[in-house]
Amino acid sequence: MLNFNFYNPTHIVFGKDRLSELHQHIPADAKVMIVYGGGSVKKYGTLQKVTEALKSYQLIEFGGVEPNPRFETLMKAVDQVQKEKVDFLLAVGGGSVMDGTKFIALAAKYKGNDPETLLTGNFSPSSKAEALPLGTVLTLPATGSEMNMGGVVTYQNGKYPFMHPCVFPQFSFLDPTITYTLPPIQVANGVVDAFVHTTEQYLTQPVDGRFQDRTAEGILQTLIEIGRKTIDHPEDYDTRANLVWNATMALNGLIGAGVPQDWATHMLGHEITAFYGVDHGQTLAIVLPSMLRVRKDKKKDKLLQYAERVWQIKAGSDEEIIEAAIVKTEAFFNSLGIKTKLSDYGIEASAIDQFIEGLEKKGMTALSETRDLNLDISRQIYEQAL
Ligand code: NZQ
Ligand code: ZN
């Protein structure tokens with residue numbers, strides 16, 4: 001096992017009808033900005049429940065954070081935070097709203113004139129930084145943002161990840177019933193996102209991380225069991241509760257501690273969203289099967305373990321077993337209603353040059369757990385996904 005630090009300070013409040021407890025987690029004298037997206041939280045009543053629970057507080061609302069949140073939008077919130085001296089941020093939404101709120105928290109305390117360098121510069125988890133305290137009310141199980149220190153912001157025409165321990169949410173409310181109103185495609189996106197967060201930390205090189213491997217396999221098997229069911233029966237509480245908790249656990253640092261991590265599927269996927277607006281989960285379903293085929297020699301041991309333990313495939317040559325596991329993975333994504341080829345989204349071979357330029361511009365030229373995934377290999381992966 002590799003050396004690691006594990007730190008996760010987020011207090012999880014899980015279960016039905018618990019928003020009335022929000023005030024227990026925010027200082028009584030705080031001026032709170034509630035950050036939300038395009039209006040689903042208004043339409044379905046979540047915002048009203050949140051403001052009711054916080055009626056004794058000074059509240060400001062900032063709505064309009066778009067999917068794949070944009071730097072310019074978030075900087076408007078930063079202006080308002082600074083003018084109105086807000087001292088606590090509450091995100092009510094999915095990954096985009098939670099990530100956007102983390103960025104607002106960081107940028108509001110940033111001292112220089114160029115907050116975009118938090119995205120485009122050398123900002124890292126070890127940089128000196130401060131952030132406003134924040135909490136979240138999750139409405140979409142997918143990203144794990146509710147219990148991690150990362151976010152992704154769109155700046156100009158690129159998606160830029162950032163990470164810092166000061167943006168861990170202090171608390172997150174996870175009420176599965178709030179997610180019942182999601183359209184089926186967003187639930188499917190969430191299942192795929194949690195699945196691929198797990199494979200990014202599992203389908204790498206073996207380091208005898210038995211807890212990490214078996215926990216990752218448990219998450220993958222659970223997602224396979226419940227994925228279609230929670231789309232077909234959105235109000236089956238236990239099934240949805242399992243999706244919510246698995247999605248959180250897939251990216252809160254637990255299964256990634258002490259093992260190599262890849263993340264190349266995410267980085268290649270971000271380019272597809274940046275240029276064509278394809279939903280994050282769908283980009284992962286496009287890239288992962290192709291990534292596994294192109295990298296099957298590097299990942300051979302873990303792919304065989306994945307085939308046997310997650311899909312119970314044992315018969316055949318190593319090559320056949322690995323291909324059968326990749327075919328099963330694609331079939332699983334398809335069974336959720338998510339297509340796995342670029343052409344399914346109207347994207348043609350001519351787009352690949354743009355994706356490669358996008359990766360190059362962000363310095364994404366040595367990706368994966370082995371840092372040898374260069375632009376030529378990225379090109380092959382996109383080509384195999386056509
Ligand atoms: O904007 P509103 O009106 O709220 O509608 C949203 C949005 O249109 C809707 N929605 C959310 N909750 C709902 C709902 N509709 C009905 N009922 C509800 N309960 O869903 C749409 C998509 O929301 P979004 O937040 O964009 O989706 P998701 O949670 O999948 O987040 C995607 C973003 O997270 C980033 C992605 O890159 C992308 O920008 N990621 C963040 C990560 C992290 N922080 O660790 C890791 C991930 O890999 C990912 O990269
Ligand atoms: Zn993701």
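Analyst: Start with a definition. A polar contact is a pair of N or O atoms within 3.5 Å. Keep in mind that this is a predicted model.

User: Which side-chain contacts with ligand 1 meet that cut-off, and at what distance does a polar side-chain atom of H280 lie?

Analyst: A polar side-chain atom of H280 lies 3.0 Å from an oxygen atom of ligand 1. H266 also places a polar side-chain atom 2.8 Å from an oxygen atom of the ligand. The backbone takes part too: a polar backbone atom of G95 is 2.7 Å from a ligand 1 oxygen. Now look at the cover. Ligand 1 taken alone exposes 970 Å², and the protein buries 88% of that.

User: Which residues come nearest to ligand 1?

Analyst: There are 32 residues around ligand 1, and G38, S40, G95, S96 and K159 come nearest. By class, the shell holds nine nonpolar, 20 polar and three charged residues. Helix 4 (95-108), strand 6 (150-155), helix 6 (184-202) and helix 9 (264-276) each give at least two residues to this shell.

User: Next, empty space. How is it found?

Analyst: The general idea is to roll a probe the size of a water molecule over the atoms, which shows where empty space is left. In this structure, a search of the whole model finds two cavities of 30 Å³ or more.

User: What is the volume of the largest cavity, and what lines it?

Analyst: The largest cavity has a volume of about 50 Å³. Its lining is T199, E200, L203, D262, T265, L288, M291, L292 and K299. That makes four nonpolar, two polar and three charged residues. Helix 6 and helix 10 each supply at least two of the lining residues. Helix 10 gives the largest share, three residues.

User: And how much space lies in the second largest cavity?

Analyst: About 30 Å³. The residues lining the second largest cavity are I286, P289, S290, R293, E330, T340, K341, Q384 and A385. They divide into three nonpolar, three polar and three charged. The largest share is four residues, from helix 10.

User: Pockets are open, unlike cavities. What is the volume of the second largest pocket?

Analyst: About 190 Å³. L106, K109, Y110, K111, L118, F123, K128, A129 and E130 line the second largest pocket. The class count is five nonpolar, no polar and four charged residues.

User: Where is Q156, and where is S368?

Analyst: Q156 sits in the loop between strand 6 and strand 7 (158-163). S368 lies in the loop between helix 13 (352-361) and helix 14 (375-384).

Technical notes:
Residues are numbered from 1 along each chain as its sequence is written. Chains are lettered from A and ligands numbered from 1 in the order in which they are written. This is a predicted model: local features need pLDDT of at least 70, side-chain atom pairs count only at pLDDT 80 or more; totals for chains, interfaces and linings use all residues. Side-chain values use heavy atoms; hydrogens and water are left out. On a 1 Å grid over the protein atoms alone, a cavity is a set of points where a 1.4 Å probe fits but cannot get out, and a pocket is an open set with protein on both sides within 12 Å along at least five of seven lines; lining residues have an atom within 4 Å of a point. Grid points are joined across faces, edges and corners, and a volume is the space filled by probe spheres set on the points. Ala, Val, Leu, Ile, Met, Phe, Trp, Tyr, Cys and Pro count as nonpolar, Asp, Glu, Lys and Arg as charged, and the others, Gly among them, as polar. A residue is near a molecule or strand if one of its heavy atoms lies within 4 Å of it. A polar contact is a pair of N or O atoms within 3.5 Å; within protein, one must be able to donate a hydrogen and the other to accept it, and residues adjacent in sequence count only if both atoms are side-chain atoms. Accessible areas come from the Shrake-Rupley method with a 1.4 Å probe; for residues, only the protein chains shown count as cover.
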